[in-house]
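Reader: I have a structure to read. Walk me through it, one feature at a time.
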Amino acid sequence: MFLFLKPLRLCMKALAAQSAPGQLSMGLALGILVGLVPKGNLLAIALGMVLAASRVNMGVAAAAIVCCSLASPLLDPISHFIGSWLLKYPRLTEFWTWLYNQPIAPWTAFNNSVVLGSLIAGLVLMYPVHQLSRPLFEKYSASAGRWVKRFWLTRALMGAEWATRVGSIE
Amino acid sequence: MRWSWLIPRLIIVALIWSVFAFGLDPWLRYTAVESTQAITGAKADIGAVTTGLFPPTFNLGKVALASVSSPGTNLIEFDKMQFRLQGQSLLQKTFVVEEAELTGVRFGTIRNDDGQLEILSDPDPDPDPPTWLEEKLQNIGDEWLDQLAVDVREQLDPNTLKTWRTGQALSIKWEQKIETLQHESNSIKPKVDRLQQQLDAAKTMRSVQQVQEYLQLAGEGEQLLRQTNQIQQRIQRLVPEVQQDFLRLDQARRHDQEQVVQKIRQLKPNPSRITESLVGPQMYRQLNEVLAWMEFSSNYQKKLRKQTRVVRYRGEDVQFQLRNATPRFLCRRMKLSGELFLDRQLMPFHALLTGVSSDPVLLDQPMVFHLSTAGDKPLQLAIRHDATTDVPRTHVIAKFHQSQPQSLRAGKSAGAVLTARLADLKWSARLLLMGSNINGQIQLDSNLNRVEFTSATISPIMQNAITDVLQNSKTVDATIQITGNVQTPTVEIKSSLGERIATGLQPVFTNQAQQAKTLLSAKVAELAKEQKQRLSIKLNDRYQRLVADHKARLQQINGARQLLVSLQSGQASATTLFRQVSGNGILSSNKENQIHRQVEQSQKLLQGFVGEIFR
C-alpha cells in the first residue's frame, strides 16, 4: 500500500510544492504558453517537457494549460494573423527555410500559422502574466493554501496523518 | 539526495518511456486501422504492431482489409508486413519506405463478418456495375441460332410471295368489276321489260294513239339502247384487260422466282453476332476486371494523398523549399508474395511494386507493378502508372494462360442450343488509360472442342450438317478493341470464328434452300396457274351470262329503234308503217287484219277516183 500511496503523495506534494509566489506566477505564465500552443506537435511536447523540468508550481501550470487549451480556438484569428505575418515576412524567409530543413523541425509544425502565432503570443504574454500575477499570489496564496489543507483528502495525500504516526513511533 | 525533486521527475520520464514502450505500438495500430479504413471504406483488421526506433521499422501481423463492394470478403489479406523507414526523411516529417515486404498475401478471402463500417465515409460514386457491360451482356443475343431455322423457312414462305399477293388482288378486283357490270345490266332489265309491257299495251290502243305511243316508246328505246351499248363496250373491254392482268400475274411469278435465288444467296448468319454470342460474355467480363484494376491503380494516388494530408491543425501551413524534397509518403520498393485464386486454383505469386508515392510529380517517377505467378502457365502482369504529367497514364500489359477449360453455351432450351468448350485459353491484354480515356485490346486464343448443337425446330439432317460445320472450327481467336471514355467505352469484338461459322453454314443453308427453291418455284408456278384458272372460270361464266343478257336486251329494243328511225326520216307511209309494225309483232293479228282491209279499201277508192279524173 505504501508503494502506491508514496509516489502519489509525492506527486501531489510536487503539485502543491514550489508554492512561492514567484513560482506560482511563473507556473501560470508557462501554463498559459503551453495551453495556447495547439497540441499534437513536437513543439507542444517540448514546451511541456520544459515546464515539467522547471521549478514552477505544477498545479497552477496544469490549471492554466487546461483553461487556455479550451480557450485557444477562440484566439485562432489573432494567432493566425501573427503567425502568417511572421512566416510570410520576406526577410525571415531564409531563416524559416533553413529551419524547415533542419532535422525534427518539421515535426514542431512551426510552419503552421496558428502554432507559430500561439507560440509567439504565449512568449510575449509570459512576462506580463508573471509580473501581474505575482502580487496576487503573494497576497492570496497563503490563505488559499490554508483553505485547501482543510480537506481530508489533501491531508491524507500530504501524508500528514501517517507522517505524524511514523514520526511519533520514531 | 533531493528525492522529492528527483522522484517526480523520474516518474514523468518513466511515464514518457512507458508511453513509447507500451503505448506507441497500440497508438500506431489504431492510427493504421483508422487510416486504412478511411482509404478502403471498409473494416481493417490489424493484428500486432511492433516497432523499432533505431532504425525505424514497423512490423504488422495478420492484416485483413475488407472489401466494400463484396461484403463478407477481404479485398486483401496478408500474414505479415514489414517495412523500414528512412531515418533522415522521418526527421523531415516524410515517410519514405526504403523496402517493404508483404508475405502471405491473399485476395478475396472470406471474413467472419461483413466487413462493412457502420458509418460510411464517402459513398462510392459509382458502386454499380458499369452500364456498358450491362448493355453489352443484354444485347448479346442468341437469335442467330434460332435464325438458323427461321431464315430458311421465312425466306421461302409463300405468304411473302408477290404472286400470291397479286393473285389475291386481281381476284378481288375482277369480282368487283363483274359485279358492277352485272348490276348495271340488271338495272336496265326492268326498263326493257316495262318497254315491252308498254308496247304490248299499245297494241290495244286506237291507231292514232298507237302511233303516238310508238313514237314515245321508240324514244325511250333509243335511250335504253345507248345505255346498253355503253355497257356492251365496257364488256368488250374486259377481255383485253383480263389479258393484261394475267400478264401481270406472270410477271409476279417470274419476280418471285428471281427473288428466291437472291435470297438463297444472301442466307448467311451474321458473323459478328455469332462471335458475340459465343465468346462475348467471357471477354467482356475479363475486360471489366482489367478496367477495374486500372481504375483502382489510377485512383490509389488520390486516396493516398488524402490520407497523408495533415488536417489536425488550424490555420495555414506555409511550405518552404526543402533541399532534398521528397513526397510526404514514398515507398521505393515493396515485395509481395502470396497466393492468387486464379483459374480455379490457388497459385503462388510474386510481385514487385515500386515508386508508390503521394506526389509522383515531385518524385518524377512512375509507379510500376510487376506480378508473376508460379507454375508452367503463369500470369504475367505489368502495370505502369505515370502521374508525372498533367494527364496521368496507366499502361497495363498482361498475359495469362488459363488451363482450366471454360464452358460455352448459347441459345435457349426451347429453341436451338449450342454448347462447346474453350480449352487452353491464352489471354493477352494491352491497355492504355489516359485520364478518363482508354484505348487498347484484349486478345484470346483458344482451342474449341466438344461442340454440340441441338434444336427442336430444325430437322436432324440439318442439325448434323450444322454440327459438322461447328466442329470444323477447332480454334478460337477473338479480340476486343476498347476505345473512348472509361465509363462508357466503345467496345468492339472481332473474331474469325464468327466468319468461319457463318461461311461454313452458308452451304448448308444453300443446300437446304436449293431443295426448297425447287419446291417453291413449282409452288409459285402452280399458284400462278391456279390463280389464272380461278379467275378465268369465274370471269368466263359471268361474262357469258352478261353478254347473253345484253343480247336479249338489244333484240328487245331494236324494233322500237327501227320504227323511230323510219318515222324521223318521213319515209314511213301507212303501208310501210303497217308493214313495219306488223312485222315487229307490235300489233295483234285482229288489228292487223282490220288495218289491212282499211288500207285495201283506201287504195281502191284512190284508184277509182284517179280513173274517173282521167276518163
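Reader: What pLDDT does chain B average?

Author: pLDDT is the predictor's confidence in each residue, from 0 to 100. Chain B averages a pLDDT of 76, and 76% of the residues score at least 70. This is a predicted model: local features need pLDDT of at least 70, side-chain atom pairs count only at pLDDT 80 or more, and totals for chains, interfaces and linings use all residues. Residues are numbered from 1 along each chain as its sequence is written, while chains are lettered from A and ligands numbered from 1 in the order in which they are written. The model scores ipTM 0.76 and pTM 0.62.

Reader: Where in chain B is confidence lowest, and where highest?

Author: Helices (H or I, at least four residues) and strands (E, at least two) are DSSP runs, numbered from the N terminus. In chain B, confidence is lowest in helix H12 (residues 589-613), at a mean of 51. Strand S8 (residues 367-373) of chain B is highest, at 92.

Reader: Over which residues of chain B does pLDDT stay under 50?

Author: Where pLDDT is low, the predicted coordinates should not be read in detail. Here the stretch is residues 605-615 of chain B. Two residues are in contact if their C-beta atoms, placed from the backbone, lie within 7 Å.

Reader: How many strands pair with S9(B), and in which sense?

Author: Two strands pair if DSSP finds at least two bridges between them. S8(B) and S9(B) are antiparallel, over six bridges. B:Met367 stands opposite B:His385 in S9(B). Strand S10 (residues 393-402) of chain B also runs antiparallel to S9(B), joined by eight bridges. There, B:His395 is the bridge partner of B:Arg384. A hairpin of six residues links S9(B) to S10(B).

Reader: Which side chains of strand S9 of chain B are buried?

Author: In a regular strand the side chains alternate between the two faces of the sheet. A residue is buried if 20 or more other C-beta atoms lie within 10 Å of its own, exposed if 12 or fewer, and partly exposed in between; C-beta atoms are placed from the backbone. In S9 (residues 379-386) of chain B, B:Leu379, B:Leu381, B:Ile383 and B:His385 point to one face and are buried.

Reader: Which residues of the largest nonpolar core touch the most other members?

Author: In soluble globular proteins, nonpolar side chains tend to be buried together. A nonpolar core is a set of buried Ala, Val, Leu, Ile, Met, Phe, Trp, Tyr and Cys residues joined through C-beta atoms within 7 Å. The largest has 53 residues, and B:Met283, B:Leu287 and B:Val290 touch the most other members. Helix H7 (residues 271-308) of chain B gives the largest share, nine residues. Beyond its neighbours within four places in sequence, B:Leu287 contacts B:Ile442, B:Ile480, B:Ile482 and B:Val491. Apart from this core lies another, of 34 residues, including A:Leu33 and A:Phe110.

Reader: How many residues of chain B are in contact with chain A?

Author: There are 19, meeting 28 residues of chain A. Helix H1 (residues 3-40) of chain B gives the most to that side, with five residues.

Reader: Why does the span of helix H2 of chain A agree with what it should be?

Author: The expected span is 1.5 Å times one less than the number of residues. H2 (residues 21-36) of chain A has 16 residues, so it should span 22 Å; its end C-alpha atoms are 23 Å apart, which agrees. Of those 16 residues, 14 are buried.
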